[in-house]
Amino acid sequence: MSEYRPAEFEEKWRERWEREGVYRSKVDWERPKHYALTMLPYPSGDLHLGHWFAMVPSDARARFKRMKGFNVLFPMGFDAFGLPAENAAIQRGIHPWKWTYENIENMRRQFRSMGAMFDWEREAVSCTPEFYRWTEWFFNRFLEGGLAYRGEALVNWSESLQTVLANEQVIDGKDERTGQPVVQKLMSQWFFRITQYADELLEFDEMDWPEAIRKAQTNWIGRSEGARVAFTIEGETSIEVFTTRPDTLWGATFMVLAPEHDLVDQLTSEDQREQIAEYVAAAAKASEIERSAEDREKTGVFTGSYAQNPASGEKIPIWIADYVMVGYGTGAIMAVPAHDQRDFEFARKFDLEVRPVITSPEGVVDAAAMTEAYVGAGAMFNSGPIDGTRCTDSKGRSNPAIAAAIEWLEDHEVGREAINYRLRDWLISRQRYWGCPIPVVRRADGEYETVPDDSLPVELPQDVEFMPTGRSPLKSNSDFMAAVAKDGGPAERETDTMDTFMCSSWYQYRYLSPGYDGAPFDPEEAAYWLPVDTYTGGAEHATMHLLYTRFFTKAMRDLGMFEDAATVMRQRGRDPGRIFDEPMVVLRNQGQVLGGERSGDVVRATGSTVGNVLHADRVEVVGDAPASCEPDEMVGEIMRRTENILTLTAPDGGLMTVEVEPDASIDIPGIDGVNSVGQLRHHLEVQRMSKSKGNVVNPDVWVDRHGADVLRAYLMFGFDWAKGGPFDSGGMQGVARWLQDVWAIGTTPPTGPGDPEQEAMIERRLHQTIEQVERGLEEFSFNTAIAALMAFRNDLRAALREDHLGDDAWRATMDVMVRLLGPFAPHTAEELWERLGGDFSVHAQEWPAYDPEKAAEDTVTLVVLVNGKVRDRVDVAADVGQDEARTLGLATEGARRYIGDSGPRKVIFIPARKGQEPKLNIVV
RNA sequence: GCGAAAGUGGCGGAAUUGGCAGACGCGCUGGCCUUAGGAGCCAGUGGGCUUAGCCCGUGGGGGUUCGAGUCCCCCCUUUCGCACCA
């Protein structure tokens, strides 16, 4: 037996895997394929623990799939365009190319120590001309296909810097870096028509995606059924509104336009002009989230104009208010204060008419007495032709009142049924340097035309100067700007670049053939590998990235980009069916590894003691805890806080309870103003790792200390993968012990003859373990898979200690166990496999076959319950039937204690199921 | 504010279809061993009690059921997303 010294073999195996191309993935139509994909990282500079946490379990599962007989593709690359590179350029004078490439180099090197089975020959880097040539090419196709267009959108505009800022750069209406004020400004930009696919994007049939993601996308798309209605204004103009409640049209007593609405200027009367201008300017300063907050006091200004309600024929005033968003619907609403809470609040504040048109359960509603809008069901009144129609709670045409209103609108040609989406078209323009150029030029006549495909890519110029303001350096680069139109005339190049979500919308296709130059991807590869079978990544991408990539795939399908791949598939006898409808079949999200800050506030609480509890009327955060406390005083570190109950460490190491009175004064020197109980920090504060908090965990440190396999196993064992949680180096010790034990077991052949009965027990446990590990890997439950292997280690070690295993049994057990270990601890498994005499490589071996018969127990424990509480147990045959179980169960001591003379009222037998003992519940 | 998810020992977390709550690991307690360590081995470890046993226990309150961590209703708390961060 030797000691477990991973440093002595991990690097050796990584070199050999690379040298022999163990992880090269090649098309092989004889074998089933599995495309495992993990979200590509941004090259921020260092491979941190979060990357390990995201990628190591995906790697383990990809390895498992390979052992199960799949030909696995598991590629990796970099999402290399983006703001941080540009910030580095501005702040430190490093060119984004250099910064990004150096980071990529460094991360590639760090990636190696993970020991993952990435096929690096498939690597794709989105900021390389070979990659973004095709991103540009997609833009051209989308434009041709009518999926790209120019439109107007609000941007965060800094007047003083003359530049556009990202949302994250704006804090409280100011540029977070320079403190310069930021306003919302309309700007002409490029869009993709994702809304054209809104309905199809709502379909998730045959997709194995988390419910949370599907809900997030469904809400994001926000389909609502209703009508568009035109309100005429004196003269020819009309304002179109979208409403989900056309039935309440007769109750529309005013209109509200978003401050940015096109017609605001035209509708403003002279005497209102000043007020309106002021209000529009103020609204531009508020963000959309602030504006749509419901508890915000309603504000608005009357334009001075009136529109005609097409139903009642009445003149109704037109206001502007920031609770109406220019980007939703038509940017204008008909206000029905009696039946919409927002409109109601607005009407009460500005003393506008409230006219009910739906009866409440109490009958006709008295407008003057209303304190809130009535949004329930009833019958229509005050509504001319639709009076008396029943109004239900349902939405769209299934509501009789809405159906009647829509018919009336269409008959009178003042409106029509319409579906509106919250989803807006995808704004792809970014006023940045470090992104994929948009391949268009603007001719002298102001029209845009695309750069022909054979001139792609439009390359980013190397020689640029970065402004401290953040303004795109492309604008002042005359070589880049100068272009020639197709007719030979002068033209100006587009200086906006594309949203980086463009690159990540199709990178899964570039991985198939990163060097291919005839198309974005090689149809021969695509035919075999597509679609992505398993996609893993963070849930924060729920709506944007994952919606965009779905849209992209559907657009590609409709533009015929998968035709060649489909042809190849048919030649190979595989039916393409609908596989190009969606990019990824299975999606799973992992959580985040967080940094743990392991100290709570030390507080002094004073008040009155009742029993063991101190009722505190004063709590202050102090420095260190003293050795003892005064009466009616407790001092200690907060270990836990549940609402207003604090648990403090006592000077003697015990725990004390403090109940903080509602009106207690709380003093936290570090936090200004009036402090609350909720601001008190308790032990084990969990937060994101960040350099400023000094809680960043560097994976290299732990690889040096324990080896890559221990870190891998810890990350898979210590967390619910979908949830994440705080990194705890103590927890790694248990995983290290496990691999040390496995090592010791695998390198120490037994010397005794063994005990056949015990050997059978170990074989049974082994097969149970195969099943548990396999299920864990299939279901992304990595922690339970490793727990099963640890439990098996416990049994195996106990058996070996007692000399229960002979050499043959030990070898047979090792043969299986080491293969089970492969996905989790690839280096250790490889080293043990070799020492046990196996052929290179363990990762090319077949996954051990689970045999249910070998896993089956002969006897099981019948659990005897009385009224649902466990009262006794009795050993029975594994296939015990109801009658026998009933007889045995009722005869147990525990059961007899509770069964009176009258006998049991009812007996329920729950037969044994997989992993569960049979049960007998006796009701008395 | 809107939307989504989650809440289980001192800690990370298990619990398959409504069927023994706390697997596995950390920590802790006791013992052993030793070339004394960030070591190893053995045993114990949800809380409580009048301890052959019993009672309580999955954020709080109510309900359905022979049986609820799991299903339903109300409430509280936390985390995540909200369109130019990726």
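Strand S5 (residues 148-158) and strand S9 (residues 183-192) pair in the antiparallel sense, with ten bridges between them; two strands count as paired if DSSP finds at least two bridges between them. Strands (E, at least two residues) and helices (H or I, at least four) are DSSP runs numbered from the N terminus. The structure is a predicted model, in which local features need pLDDT of at least 70 and side-chain atom pairs count only at pLDDT 80 or more, whereas totals for chains, interfaces and linings use all residues. Residues are numbered from 1 along each chain as its sequence is written, chains are lettered from A and ligands numbered from 1 in the order in which they are written, and side-chain values use heavy atoms, with hydrogens and water left out.

Within S9, valine 183 is the bridge partner of tryptophan 157. S9 is also joined by two bridges to strand S19 (residues 426-427), and these two strands run antiparallel. Here phenylalanine 192 stands opposite tryptophan 426 of S19.

Helix H12 (residues 400-411) comprises twelve residues and reaches 16 Å from its first C-alpha to its last, close to the 16 Å expected at 1.5 Å a residue; the expected span is 1.5 Å times one less than the number of residues. Its buried residues (under 20% relative accessible area, with a 1.4 Å probe and protein chains only) are Ala401, Ile402, Ala403, Ala405, Ile406, Trp408 and Leu409. These residues pack against strand S10 (223-233), strand S17 (390-391) and strand S18 (415-421), contact being defined as heavy atoms within 4.5 Å. Just after H12, glutamate 413 has a positive phi of about 55°.

Of the atoms of RNA strand B that come within 4 Å of the protein, 67% belong to sugar and phosphate. By class, this surface has 25 nonpolar, 20 polar and 28 charged residues. Helix H22 (residues 782-801) supplies the largest share, nine residues. For threonine 500, a polar side-chain atom lies 3.4 Å from a sugar or linking oxygen of RNA strand B.

Threonine 892 is located in the loop between helix H26 (882-891) and helix H27 (893-896). This threonine is buried, with a relative accessible area of 8%.

Key:
Buried means under 20% relative accessible area, exposed over 50%, partly exposed in between (1.4 Å probe, protein chains only). A residue is near a molecule or strand if one of its heavy atoms lies within 4 Å of it. A polar contact is a pair of N or O atoms within 3.5 Å; within protein, one must be able to donate a hydrogen and the other to accept it, and residues adjacent in sequence count only if both atoms are side-chain atoms. Ala, Val, Leu, Ile, Met, Phe, Trp, Tyr, Cys and Pro count as nonpolar, Asp, Glu, Lys and Arg as charged, and the others, Gly among them, as polar.
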